[in-house]
Amino acid sequence: MNFVLFHIGDTTLPDLLAKSIRKFSPNSLIYFVTDNATKKIDDADHCVTINGDPEKIMTFRLKAYSEIKLKEHAIYLDTDMLMLKSYNFKEFEKFDIALCSREFGNDAKINENYKNQNWSNYSGKSAGEVFPYVACFSITKDYLFWKDCYNELLKLDEKFHYWYGDQEVMRLLLETKNYHFSKIKEGTMCPPLEYLKEDSIFAHFKGGRKNQMEEIGRAHV
């Protein structure tokens, strides 16, 4: 399987993630996608630089995923994660896309002032309603889904270019296009650190958990 890691800035986290992939999926190819200013990581098989605006991180990431133009199945990962065990991902290769369905924090109400942006259009709605898919772990058969996502994001309000844009376009596209689609269980594949189970494949150090990833990762890989 191919793994695609997009990251801008300090490479401590993507370096640990790549090392964990190399440990548990040694025959995989790792693509590290970044900008010209970011240091490359040693465990990547391919380092690809893409031009984009790092402030508009949602737009940049979707642009990068589409511009590397992979024509085979690949796993696209957030870099605040660690692989914990080997797993055969072949079951997902019969689908166009497989997205991670949200299982944690579904009932949390959307913060209408998140990052000083106006999210009042989601007033009273929960994260599970608005963003049923988390973007930390996705599998696609080629780059075309990401091209669709990028083009859809360009139509949206600018706030989505900074935050939530990937999750917004995933929901919109699944509502309007006929993909051969599968859901991946967040709790089994990549739960937040405190929800790890014995059979979890990845640990996700999202949000404030990132400061624990280096210590755990160094011991792990």
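These legends walk through several close-up views of the predicted model shown above. Residues are numbered from 1 along each chain as its sequence is written, and side-chain values use heavy atoms, with hydrogens and water left out. Because the model is predicted, local features need pLDDT of at least 70 and side-chain atom pairs count only at pLDDT 80 or more, while totals for chains, interfaces and linings use all residues.

**View 1. Seven strands make an open sheet with mixed pairing.** The strand order is β3-β2-β1-β4-β7-β6-β8. Helices (H or I, at least four residues) and strands (E, at least two) are DSSP runs numbered from the N terminus, and two strands pair if DSSP finds at least two bridges between them. At the edges stand β3 (46-49) and β8 (181-185); each has a single partner strand, so one side of each is left without a neighbour in the sheet. From one strand to the next, the twist averages 25° (axes are lines fitted to C-alpha atoms, for helices over the stretch in contact, and angles run from 0 to 180 degrees between N-to-C directions).

**View 2. Strand β8 pairs with β6 (residues 97-101) in the parallel sense.** Five bridges join β6 and β8. Here you can find Ile 97 with its bridge partner Phe 181, and Ala 98 opposite Ser 182. In a regular strand the side chains alternate between the two faces of the sheet. Buried means under 20% relative accessible area, exposed over 50%, and partly exposed in between (1.4 Å probe, protein chains only).

**View 3. Helix α4 (residues 144-153) has buried residues along one face.** Phe 145, Trp 146, Cys 149, Tyr 150, Glu 152 and Leu 153 are the buried ones. Seen down the axis of α4, they fall within an arc of 165°, so they line one face of the helix; the arc is that of the directions from the helix axis to the C-beta atoms. Their cover includes α2, β4, β6, β7, α5 (159-162) and α6, where contact means heavy atoms within 4.5 Å.

**View 4. Tyr 164 and Lys 115 both have positive phi.** Most residues other than glycine have a negative phi. Tyr 164, in the loop between α5 and α6, has a phi of about 70° and is buried, with a relative accessible area of 18%. Lys 115 sits in the loop between β6 and α3 (127-130); its phi is near 55°, and at 43% relative accessibility it counts as partly exposed.

**View 5. Glu 158 and Lys 56 form one of the 15 salt bridges in the structure.** A salt bridge is a side-chain nitrogen of Lys or Arg within 4 Å of a carboxyl oxygen of Asp or Glu. The closest N and O atoms of Glu 158 and Lys 56 are 3.0 Å apart. Glu 158 lies in the loop between α4 and α5 and Lys 56 in the loop between β3 and α2, so the pair ties together parts that are 102 residues apart in sequence.

**View 6. Asp 78 and Arg 61 form a salt bridge, and both residues are buried.** Their closest N and O atoms are 2.4 Å apart.
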